[in-house]
Amino acid sequence: MASPLLESVRQEIRVRHYSLITEKCYLYCIHRYIRFHNIKHPARMG
C-alpha cells in the first residue's frame with residue numbers, strides 16, 4: 001500500500017495525462033527523496 005502523498009501525486013499525474021513512464025519516474029524520485037531524509041516531515045527538516 002502506498003502512502004497518501006504518493007497516491008495524491010499519482011492522481012495528479014493521471015489528471016494531467018502524463019505518460020506511465022513519467023509517472024513511475026516521478027514516484028520513484030519522490031520515494032527516494034523521502035527515504036534519503038529518513039522519512040521526516042518537511043516542517044521538521046529545518
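Let's start with a network of salt bridges: Glu 7, Arg 10, Arg 14 and Glu 23 are linked in one. Please keep in mind that we're looking at a predicted model.

First stop, Arg 10 and Glu 7. Their side chains form a salt bridge, with N and O 3.7 Å apart. Where do these two sit? Both are in helix 1, which covers residues 4-15, and they are 3 residues apart there, so about one helical turn separates them. As for the surface, Arg 10 is partly exposed at 23% relative accessibility, and Glu 7 is partly exposed too, at 32%.

Now stay with Arg 10, please, and look across to Glu 23. These two also form a salt bridge, and their closest N and O atoms are 3.0 Å apart. Here the partners come from two helices: Arg 10 from helix 1 and Glu 23 from helix 2, residues 20-36, so the pair ties together parts 13 residues apart in sequence.

Is Glu 23 buried or exposed? Glu 23 is buried, because its relative accessible area is 4%, and buried means under 20%.

One more link to go. Glu 23 also meets Arg 14 in a salt bridge, at 3.1 Å from N to O. Arg 14 is partly exposed, with a relative accessible area of 47%.

Notes:
Residues are numbered from 1 along each chain as its sequence is written. This is a predicted model: local features need pLDDT of at least 70, side-chain atom pairs count only at pLDDT 80 or more; totals for chains, interfaces and linings use all residues. Side-chain values use heavy atoms; hydrogens and water are left out. A salt bridge is a side-chain nitrogen of Lys or Arg within 4 Å of a carboxyl oxygen of Asp or Glu. Helices (H or I, at least four residues) and strands (E, at least two) are DSSP runs, numbered from the N terminus. Buried means under 20% relative accessible area, exposed over 50%, partly exposed in between (1.4 Å probe, protein chains only).
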